Amino acid sequence: MVLCSWIVSLLLSSPQAFMFRKAKHPYMEFYQCTTNMVIENISTVVMDGDKATYFFFGIHSDTVYMIYHLSFLVFVYFLPLCCLLVSYIFIIHLIRRRPTDQLVPSLDNPLVRSLSDRRRKWKNLRMSLVQVAGFAVFWAPYACHQAWMLLHEESAMQVSEFATDLMLLTAVFNSCFNPLVYGAHFYKDFRTLGRQRDSMRLSKTWSWRERLPPTTEITTVN
């Protein structure tokens, strides 16, 4: 499953390698990666008077750019979000459908171990749901604005440059949000890790002693 996810990720991200190129800024002395004039350089030029029109295998260059940007939004935001929502809905359904008394029992205390396993599953699931919610919230402004640009560029260009930069920074901040979620989830366990190990070792020792057969005392008669 992990190998399949890596293969799908490689296939979906491969257009980035063909669409981006390093180009010099027209007015300043630095280079950057851009999609500007990438399709035009490998397209067929059709002159209509003084206006040049570019066709990439019979498709207008503007249509190619729209398909690329739309697929980028789908593969980066909308498709992963739909997959995450469907997967976690299915996981929640499985956890809720499985009753507590059907969980794997323990020799020491079946009820306590079953409830503990169920509580730990819900705790880990809540952490994952917070990450999914963070991904949806942080990426939503940038993705919606980019979709707006594709549908109606003239009205979308009225948004200030500061707001567009803030949307991009919000999307990038999602990568900084995930470590905070992990830290908040595991901080308590990390802080009490030593005491948990001691208590676990002590409980294992007493459970091992309780399972020992009773010893027989032998007395000698003088």
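**Note on the predicted model: exposure, helices and pockets**

1. Glu29 has a relative accessibility of 72% and therefore counts as exposed. The classes are set by relative accessible area: buried is under 20%, exposed is over 50%, and partly exposed is in between, with a 1.4 Å probe and protein chains only. The side chain of Glu29 meets that of Lys24 in a salt bridge, at 3.5 Å from N to O. Lys24 counts as partly exposed because its relative accessibility is 37%. A salt bridge here is a side-chain nitrogen of Lys or Arg within 4 Å of a carboxyl oxygen of Asp or Glu, and by this rule the count comes to one.

2. Basis of the values. The model is predicted, so local features need pLDDT of at least 70 and side-chain atom pairs count only at pLDDT 80 or more, while totals for chains, interfaces and linings use all residues. Residues are numbered from 1 along each chain as its sequence is written, and side-chain values use heavy atoms, with hydrogens and water left out.

3. Overall fold. The chain has eight helices and five strands, in the order α-β-β-α-β-β-β-α-α-α-α-α-α along the sequence. These elements are DSSP runs numbered from the N terminus: helices are H or I with at least four residues, strands are E with at least two. Of the 222 residues in the chain, 22% are buried.

4. Helix α3. This helix covers residues 61–97; its 37 residues should span 54 Å at 1.5 Å a residue, and the end C-alpha atoms are 52 Å apart, which agrees. The expected span is 1.5 Å times one less than the number of residues. At Val74, α3 bends by about 45 degrees; the bend is the angle between axes fitted to the seven residues ending at a residue and the seven starting there. Its buried residues are Ser61, Val64, Tyr65, Tyr68, Leu73, Tyr77, Leu81, Tyr88 and Ile95. As background to such a list, an α-helix has 3.6 residues a turn, so residues three or four places apart point the same way.

5. Helix α1. The 18 residues of α1 should span 26 Å at 1.5 Å a residue, which agrees with the 27 Å between its end C-alpha atoms. A kink of about 30 degrees lies at Leu12, shortly before the proline Pro15.

6. Largest pocket. Its volume is about 920 Å³. A pocket is an open set of points on a 1 Å grid over the protein atoms alone, where a 1.4 Å probe fits, with protein on both sides within 12 Å along at least five of seven lines; lining residues have an atom within 4 Å of a point. Points are joined across faces, edges and corners, and a volume is the space filled by probe spheres set on them. The lining has 26 residues, of which His69, Tyr142, His145, Gln146 and Met149 lie nearest the centre of the pocket. Two or more lining residues come from each of α3, α4 (110–151), α5 (153–156) and α6 (161–172), and α3 gives the largest share, seven residues. By class, the lining has 15 nonpolar, seven polar and four charged residues. Here Ala, Val, Leu, Ile, Met, Phe, Trp, Tyr, Cys and Pro count as nonpolar, Asp, Glu, Lys and Arg as charged, and the others, Gly among them, as polar.

7. Second largest pocket. This one has a volume of about 690 Å³ and a lining of 21 residues, with Val8, Ser9, Leu12, Phe75 and Pro80 nearest its centre. At least two lining residues come from each of α1 (2–19), α3 and α4; the largest share, 10 residues, is from α3. The lining divides into 15 nonpolar, six polar and no charged residues.

8. Backbone angles to check. Met37 is not a glycine but has a positive phi of about 60 degrees. Met37 sits in the loop between β2 (31–34) and α2 (38–41) and is partly exposed, at 32% relative accessible area. Phe57, also not a glycine, has a positive phi of about 50 degrees. Phe57 lies in the loop between β4 (51–56) and β5 (59–60) and counts as exposed, at 75% relative accessibility.

9. Ser175. This residue is in helix α7 (residues 174–191) and is exposed, with a relative accessible area of 54%. The C-alpha atoms of Ser175 and Phe138 are separated by 9.7 Å, although the two residues are 37 residues apart along the chain.
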